[in-house]
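Visitor: I am new to this structure. Could you walk me through a few of its parts?

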Amino acid sequence: MRQCVRVPGGLGVLWVLTVCVLVLCVAPAAPHPQCLDFKPPFRPLRELQFCVMYKEFGCCDYEKDQQLRAKYYRIMDNFDYYGYANCAGFVLEMICQECSPFAAHLFDAEDPTTPIRTIPGLCPDYCSQFWNKCRSTIPLLSDDPHIAKVKEDQTRLCRYLELDDADYCYPHLLSDQKLTLNLGRVQSDVDGCLQLCLEEVANGLRNPLAMVHANDGTHRFFVAEQVGLVWTYLHDRSKLEKPFLNITKAVLTSSWEGDERGFLGLTFHPKHKYNRKLYVYYSVEVGFDERIRISEFHVSAHDMNVVDHASERVILEIDEPASNHNGGQLLFADDGYLYVFTGDGGMAGDPFGKYGNAQNKSSLLGKVLRIDVDDNNRGPLYRIPPDNPFVHDRGARPEVYAYGVRNMWRCSVDRGDPRTKEGKGRIFCGDVGQNKFEEIDIIEKGRNFGWRAKEGFSCYDKKLCANSSLDDVLPIYAYPHKMGKSVTGGYVYRGCEYPNMNGMYIFGDFMSGRLMSLQEDRNTGKWKYNEVCMGKGMTCAFPGLINNYHQYIISFAEDEAGELYFMSTGVPSNTSPSGVVYKVVDPSRRAPPRQCHYDPLPVRVKSNLIKFVPQETLTGLEPPHKAKPEPEPTDSSDWLQELIDRLGLPDGATPPLPTTITTTKPPRRKGRRRKGQTGTESVPELQNGMVRLVGDEKGQSDRGRVEIYVNGEWGTVCDDLWTINNAEVVCRQLGFTRALKAAKNSEFGEGKDLRILLDDVQCDGTESGLLDCQHAGVGTNNCAHYEDAGVICGTSDHIIEV
């Protein structure tokens, strides 16, 4: 909207500003709008009356606008008509730059540690006009002693008021389309990948797989670890030292990476504030049988932050024929009933019975179950809702609400649009696929979601798929395994703090670490896909924000206010304390100040508190104006001594010779190999199965992406099933005594100019080379280069901590 501002008294038209604010659109990434409180700009709730050039989008609410208006009149009361006529426009413009979406840049306040300018950064031509007409206003605008010293010298003053980044000087930034064209939109890169940021909320967790709130006004959140511990966090993110729940002795799990058993889900009763009830979903071993158990607990009557462990009542137990596909989601939907999401029983392809568990309505596996747990203190532990779809079907279990489910991992209830309530009550789920596709579903009563007849939109069991009675409901979105191999369902964002994200369904993939979003087209009902990337450059340069996360995305969550979070870990083992909880942040636009304010109810704490200390940092920002020196080539005669130093070998010991002896080691960019720069001193005769390590940015020879030579070509190895045993084989082949780390997810870059030669490699650690291990076959793979495997080798016994 094009806005004109008239100075009080009708003394002329000032600068105009075009501000484009589109709530749910996406734009190519570029500017870094930021306010003086170091946060993104916003759209004021109440229309500004003074700095009206920023009434659509900026950094001032009505209250701040009135403060600036009062400041303006205090200054202009010092001038006669002539001074008023000449200077009112200049004074208003400079005062109102506190409302500019780029106020932090104009006042050199991008960093909270730097002093804020008293006069915004001015372009030289504008500064010259201001000085010639209105330098008498300078003492009234600024108390900066240096400005007072140079105010009579135009050249020195205007040089002092210049910005280091001239693109942001006033008023030229108003006509810079790179800065203003997409202002207020969710930014995206050239590939349409949304640029969002994160805020670290909790850390040091072991496979955190659920985060829930009690909906009791305290705004606490509870984070569950796979081993069977649940921790209480207060609104200020401090953690209670005493666990909320500890059933580690009952939970069936193990420390090996990828174990799907364990504590898998929890939810609070909608009336928890009054009945103190909560429900948990976990794996147990009964005799020689493995089962999933749904239990009810009560919170202690004496401590609201501790569960009464003696209150457990087992609501439901289901035998599990295998150790995988255990489901794990519990939630209460808007109808007040408890929904239980079970897996199909495990193994591969749902091989149980004629049609599999998922298509068998007499089995509770591979289902969405719906039960009534209200008023169960006496009588049955749960009842069947009278409108469950199969209550009158003799061949079906009455608990079944929907079927044809493989292994739904993380489901959520849409809160609905904050204003219109559109979408309210929909249940979204991510259903993990078999060999080819992952899918997102919206649960519908009584419907068949297709497994094992279908996987995504594709047929899996061709005979079942051709059955005319299948009548399955298709997913709203499915993606192939080149994008990821284990979907983690998310949430539709309905929070208050980031209006641009309203209506976005944000989810992820456990294996690839990819964050994704879907947005529904209200006219067609179709869902538009956008990948979610971490903000590049200055996009996330706000205090407390980061632009990176651990790769294994385990779960998503909402807090009591509706803000969005996810949990991921660097090592998918329940013994590794590398799990982190992140809050999702849109750096392009926030809600107006005080719109999202709430007062948490007090929490009586009887445990010691552990203050939250962030560990993650923003990456990719380099100090300005500092050119990186070119790397010095290593003298060829020193290569042997350098290798000895790196390996920590004793004097006189002979180091293992790598496949290729490198005499120069220029740092390599991740994922890019430099051709024609091998700089080799000697090259042994190449034989099938030889390996080499490449891609380490510092050129260290003991680590890198694993590349293998087979049948006349070098290629990469996929990280599916990549373990420390596989890494041991590689490291010993190169002459090292042991492997310190099995690196995954192209930690040492992507070998895009090579073929993927090995996938699904399984070694026991004693083989002489990777070709001697089990694998899918040379050149046969179902992966992409973002899964290139790597290793870190060594001669010590110290394991690399992840």
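Visitor: Which residue in β35 is the bridge partner of Ile708?
Guide: Gly715 is that partner.

Visitor: How many residues lie between β34 and β35 in the hairpin?
Guide: Two residues lie between them, and Asn711 in the turn has a positive phi of about 55°.

Visitor: What else pairs with β34?
Guide: Strand β33 (residues 691-694) is joined to β34 by four bridges, antiparallel, and Leu693 stands opposite Val706. Strand β38 (residues 790-794) pairs with β34 in the antiparallel sense over three bridges, with Ile792 as the bridge partner of Arg703.

Visitor: Why is β34 largely enclosed?
Guide: Seven of its eight residues (703-710) are buried, so the rest of the structure largely encloses β34. Buried means under 20% relative accessible area (1.4 Å probe, protein chains only).

Visitor: New topic: how many residues has the largest nonpolar core?
Guide: It has 59 residues, and Phe244 and Phe507 are among those with the most contacts inside it. Such a core is a set of buried Ala, Val, Leu, Ile, Met, Phe, Trp, Tyr and Cys residues joined through side-chain atoms within 4.5 Å. Strand β12 (residues 277-286) gives the largest share of this core, six residues.

Visitor: What does the second core include?
Guide: That separate core of 48 residues includes Tyr126 and Val150.

Visitor: Where do these values come from?
Guide: This is a predicted model, in which local features need pLDDT of at least 70, side-chain atom pairs count only at pLDDT 80 or more, and totals for chains, interfaces and linings use all residues. Residues are numbered from 1 along each chain as its sequence is written, and side-chain values use heavy atoms, leaving out hydrogens and water.

Methods. Buried means under 20% relative accessible area, exposed over 50%, partly exposed in between (1.4 Å probe, protein chains only). Two strands pair if DSSP finds at least two bridges between them.
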